Amino acid sequence: MGGGTSKQPTNLLHEYKVRGFKRDTPFGECRWYSHVNDNTDALLITLSLQNPEEFQTTWEESNRLGIHNHPHILKIHGSEVQKTAELCGEENVVNLLVEYHSLNLESEITRRRETSNYYSEEELWYLLLAISSAGAHFQKYHIFHGDLNPSNIFITSDGFVKIADHGLLTRGRTAYLKAFLGQSLGLLAPSQLKDLIAKRDRPTGSPVKGDAFALGMTMLWAATLQDVALACYSWGQRQFLSRKVDDLLYNVQMRYSGSFADILRQLLNPEDSERPDFTQIHTFLLPYQDKIENYDHFEMAPRKEASRKPGEQSASKSQPMRNSLQWLNERDPTVYVRYIQYIDEISAKINSGRYVAPAQRDEYERSKLLMAVPPPLPSEQEDELRRITLHLDTYANVQSY
């Protein structure tokens, strides 16, 4: 490494051949190279800096610590400080040669949406594990991404997921800054939108918790194949459309497990202080890492039951559901009792191997989801009460064999 006078870095590219330019990247327009031996792609990112030597020292320290040495983080192959001749004098730049993959999550989701080819739950768990692993690694070194979204989550040719040290490679051009300057939209948390309305030039909340919210929105985007950046924000008023998010989360809990829907709800908690960070999410997933990485089905461990006094009977299997259905009991105790008895009967028939009508089995599966998610919003409870009543009137007396 060292200074130079040529506009093309000398030492950095001796094993690479030029391929052209990539204009539509998260890092702006970059020169595109391939390795002469294995044809792996790389981008040359050029940063204009007032003090490149200080940057170089910081880079060498991060290299020593292995900050970018992680399987789900784009590798930075090297850097080189240069002085380039400009009309107004010399300009100090740093060239970074960065691993590159042309496929990103946004284009993959778009392709799937065209054919309604939804991700399997095993694929979504892998995506969540990979990103939370990289985010937890960055969090360890007090690094935050700032603009996490499907367009800058890269997918390798063998399906490996990677993100970049976005703040380093874009010189801190976060989603908040771009929204503040009116340049583009991002997956901002509700607290960040409040800061935008107050015209603050930077958010006041935790940047890591902001990234965690963006992770939740990214996973919601992937699970529903819906562009949540457009569907879940009113950008003219800088408002977060929580009702739309609730609708999409409802679709998620109908298509996937209650455990997966519950994690998304936690990540999308509007309160920064109540939202988990990357380390917490990754720690939660670690016991299932082997199964997730092998795309195997797995069951989340049940929550531990509170200790009981001697002689006290254990709660029934339906008890968690009954607690989550307290809103139904308050609105219509008769329907509540009918529904609990109905679900218990269906459960007994399934366990004994007796025939259960498809609609009854679907409702039983739906009831299990209620154990892991919060109750409906007050504005939605009337519709849910009407749906349950109609189902009971239609299917409660259907005979099983």
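**Helix α17 and its partners**

Analyst: Let's start with α17, a helix of 18 residues that spans 26 Å from first to last C-alpha, close to the 26 Å expected at 1.5 Å a residue. Helices here are DSSP runs of H or I with at least four residues, numbered from the N terminus, and the expected span is 1.5 Å times one less than the number of residues. Keep in mind that this is a predicted model, where local features need pLDDT of at least 70 and side-chain atom pairs need 80 or more, while totals for chains, interfaces and linings use all residues. Residues are numbered from 1 along each chain as its sequence is written, and side-chain values use heavy atoms, leaving out hydrogens and water.

User: Within what arc do the buried residues of α17 fall?

Analyst: Buried means under 20% relative accessible area, exposed means over 50%, and partly exposed is in between (1.4 Å probe, protein chains only). In α17, the buried residues are E380, Q381, E384, L385, I388, H391 and L392. Looking down the axis and taking directions from it to the C-beta atoms, the buried residues line one face of the helix, because they fall within an arc of 145°.

User: Which residues are exposed on the other side of α17?

Analyst: Now turn to the other side of the helix. The exposed residues there are L390 and D393.

User: Which residue forms a salt bridge with E382?

Analyst: A salt bridge is a side-chain nitrogen of Lys or Arg within 4 Å of a carboxyl oxygen of Asp or Glu. For E382, the closest N and O atoms of the pair are 2.7 Å apart, and the partner is R331. This pair links distant parts of the chain, 51 residues apart: E382 sits in α17 and R331 in helix α14.

User: Are E384 and R366 buried or exposed?

Analyst: Their side chains meet in a salt bridge, 3.0 Å from N to O. E384 is in α17 and R366 in helix α16, 18 residues apart. Both E384 and R366 are buried.

User: How many residues does the largest nonpolar core have?

Analyst: A nonpolar core is a set of buried Ala, Val, Leu, Ile, Met, Phe, Trp, Tyr and Cys residues joined through side-chain atoms within 4.5 Å. Among the residues with the most contacts inside the largest one are W125, Y233 and F260, where contact means heavy atoms within 4.5 Å. The core's residue count is 66.

Methods:
Helix = DSSP H or I, 4+ residues; strand = E, 2+ residues; numbered from the N terminus.
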